Amino acid sequence: MTDLKVEKDIVASVHYTGTHPDSGEVFDSSEGREPLSFLVGHGQMIPGFEEEILGAAVGEKREFLLTADRAYGPRDDAAVMEIPRSQFAELEKEAMLEAGMQLVAQMPHGPSPFTITVLTDDAVTADFNHTLAGKSLNFAVEIVELRSANEDEKSHGHAHGSDGSIQH
Ligand code: ZN
């Protein structure tokens, strides 16, 4: 099975390090953790990440720069909103709010993470954009393991761990 390549319906296990191209600062890495496993071709990963490793074999390393449109998408100004600070009264009994803090709002469609960008006495400015939206990102990726997805994984649209056993 060593002739497998990264393509649709392959479960790929990779080590990766993501850095900001301007500063070189690492924003995410699998170093010191288990490799990341995902089902290729089912939207589990940001689009450019999969495209750039297509055709790669086990042991292969690739480095690439993704512009925002191929990573977390552009920033959306409509996703920034002002919320009356009074709505945070319960939370403020337990925690001190500050700019830069990340919280999760319970929305009708499910939990939505946001970042507090501005804090005044009356209002909290909440930015619901992904923290990496609008940014170009560098990735260094090494293919650790490849295997064909099983039927359960293909129908669920995600990987079931490195050996394919169901974990949910
Ligand atoms: Zn599943």
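**Strands, sheet and domains**

Q: What makes β7 and β8 a pair of strands?
A: Strand β7 (residues 110-119) and β8 are joined in the antiparallel sense by 4 bridges. The strands themselves are DSSP runs (E, at least two residues), numbered from the N terminus. One of the bridges sets V118 against T125 in β8, and a hairpin through 3 residues leads from β7 to β8. This is a predicted model, in which local features need pLDDT of at least 70 and side-chain atom pairs count only at pLDDT 80 or more, while totals for chains, interfaces and linings use all residues. Residues are numbered from 1 along each chain as its sequence is written.

Q: How do you know that β5 pairs with β8?
A: Between β5 and strand β8 (residues 123-127), which run antiparallel, there are 5 bridges, and the definition asks for at least two, so they count as paired. Within this pairing P84 has A123 of β8 as its bridge partner, and M81 stands opposite A126 in β8.

Q: Why are β5 and β6 called edge strands?
A: The open sheet has 4 strands in the order β5-β8-β7-β6, with antiparallel pairing. Each of β5 (80-84) and β6 (102-107) pairs on one side only, and they are the edge strands. Neighbouring strands of this sheet are turned by 45 degrees against each other on average, direction ignored; here the axes are lines fitted to C-alpha atoms, and angles in general run from 0 to 180 degrees between N-to-C directions.

Q: What makes β9 a partner of both β1 and β4?
A: Strand β1 (residues 10-19) is joined to strand β9 (residues 137-148) by 10 bridges, and the two run antiparallel; V14 has I143 in β9 as its bridge partner. Strand β4 (residues 61-66) also pairs with β9 in the antiparallel sense, over 6 bridges, and there L65 has N138 as its bridge partner.

Q: Why is the chain described as having domain 1 and domain 2?
A: Domain bounds come from an automatic or database domain assignment, and the chain is therefore divided into domain 1 (10-72 + 132-156) and domain 2 (77-127). The centres of domain 1 and domain 2, taken over C-alpha atoms, are separated by 31 Å.
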